[in-house]
Amino acid sequence: MAATTALALSSGHQMPAVGLGVWRMDSPAIRGLIHSALRAGYRHFDCAADYKNEAEVGDALAEAFETGLVKREDLFITTKLWNSDHGHVVEACKDSLKKLRLDYLDLYLIHFPVATKHTGVGTTASALGDDGVLDIDTTISLETTWHAMEDLVSMGLVRSIGISNYDIFLTRDCLAYAKIKPAVNQIETHPYFQRDSLVKFCQKHGICVTAHTPLGGSTANTEWFGSVSCLDDPVIKSLAEKYGKTPAQLVLWWGLQRNTVVIPKTSKVERLEENFAVFDFDISGEDMEKIKALDRNYRTNQPAKFWGIDLYA
């Protein structure tokens with residue numbers, strides 16, 4: 001089944017199916033990587049206040065606009081509200097826009113379904129209590145945060161709004177209280193963490209799923225979380241060989257064939273091009289089943305390492 005190069009969102013906007021995640025990109029390298037990505041055909045960039053590099057991304061984009069490399073209206077820019085700003089949604093969004101040097105966002109996401117101690121707009125600290133555990137704010141509901149997100153749309157600051165790292169229960173709840181339905185749920189999903197029930201639930205209710213960590217974390221998460229990547233799996237390797245693709249290309253196409261958006265991160269220019277060159281083949285139904293059988297329910301992105309609490313428990 002052929003995937004599409006863009007997915008229609010419930011907000012009426014189109015979202016490019018392959019984007020570039022800028023998490024953990026070194027600030028000095030960002031300009032070159034973003035300009036290389038634009039030249040390779042990327043039009044979708046996934047940012048977040050918590051990545052602490054919105055200003056560098058903004059500078060790179062401003063230069064691209066000035067030199068005529070790309071027009072603002074041809075881009076799809078996502079950023080995310082950090083946990084500590086759930087009570088300051090409008091201010092946090094404006095802070096991100098200022099850093100990104102943009103008038104509007106294509107998509108603004110609630111980064112995690114938890115409010116934490118406010119540390120100043122845009123500072124994105126994860127304050128720990130005296131017990132070494134994340135200082136969670138139990139006074140702000142996700143419903144309150146969502147209604148503030150909806151205000152951003154009516155203010156013209158944001159075109160589409162969505163959620164991230166929400167499970168089925170929280171997503172269902174959001175659908176019940178939302179005046180504007182979440183256009184996207186961005187979650188970790190890859191062949192070792194397929195989350196078929198959550199993906200299907202979202203898609204059934206008109207929520208586009210974006211796969212963060214679509215390559216199973218590869219180098220970055222192995223370094224931070226000691227996780228294992230599906231790219232080294234013998235089944236993935238042999239199927240990649242069969243299709244004349246790299247393991248990463250096969251895994252990204254598998255994500256696209258599930259009708260999810262994929263936002264691989266890379267700091268290497270040659271990988272940028274490789275990760276984008278995935279629209280020219282189809283994985284057979286039989287081979288999709290082989291990949292389905294690899295699921296291990298294996299999460300690689302585990303913030304408990306920093307927060308002293310497993311919020312997924």
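**Close-up views of a predicted model**

**View 1. Helix H2 and its surroundings.** Helix H2 is followed by Gly 68, which has a positive phi near 80 degrees. Helices are DSSP runs of H or I with at least four residues, strands are runs of E with at least two, and both are numbered from the N terminus. The model is predicted: local features need pLDDT of at least 70, side-chain atom pairs count only at pLDDT 80 or more, and totals for chains, interfaces and linings use all residues. Residues are numbered from 1 along each chain as its sequence is written, and side-chain values use heavy atoms, with hydrogens and water left out. The buried residues of H2 (buried: under 20% relative accessible area, 1.4 Å probe, protein chains only) include Glu 54, Val 57 and Leu 61. These buried residues pack against helix H1 (27-40), strand S5 (76-81) and helix H3 (89-100), where contact means heavy atoms within 4.5 Å.

**View 2. Cysteines without disulfides.** The whole structure has zero disulfides, a disulfide being a pair of cysteine sulfur atoms within 2.5 Å. The sulfur of Cys 174 is too far for a bond, because the closest cysteine sulfur, in Cys 202, is 10 Å away. For the sulfur of Cys 202, the closest cysteine sulfur is in Cys 208, at 9.4 Å, which is also too far for a bond. Cys 174 counts as buried, at 0% relative accessibility, and Cys 202 is buried with a relative accessible area of 0%.

Key. Buried < 20%, exposed > 50% of the residue type's maximum accessible area, 1.4 Å probe, protein only.
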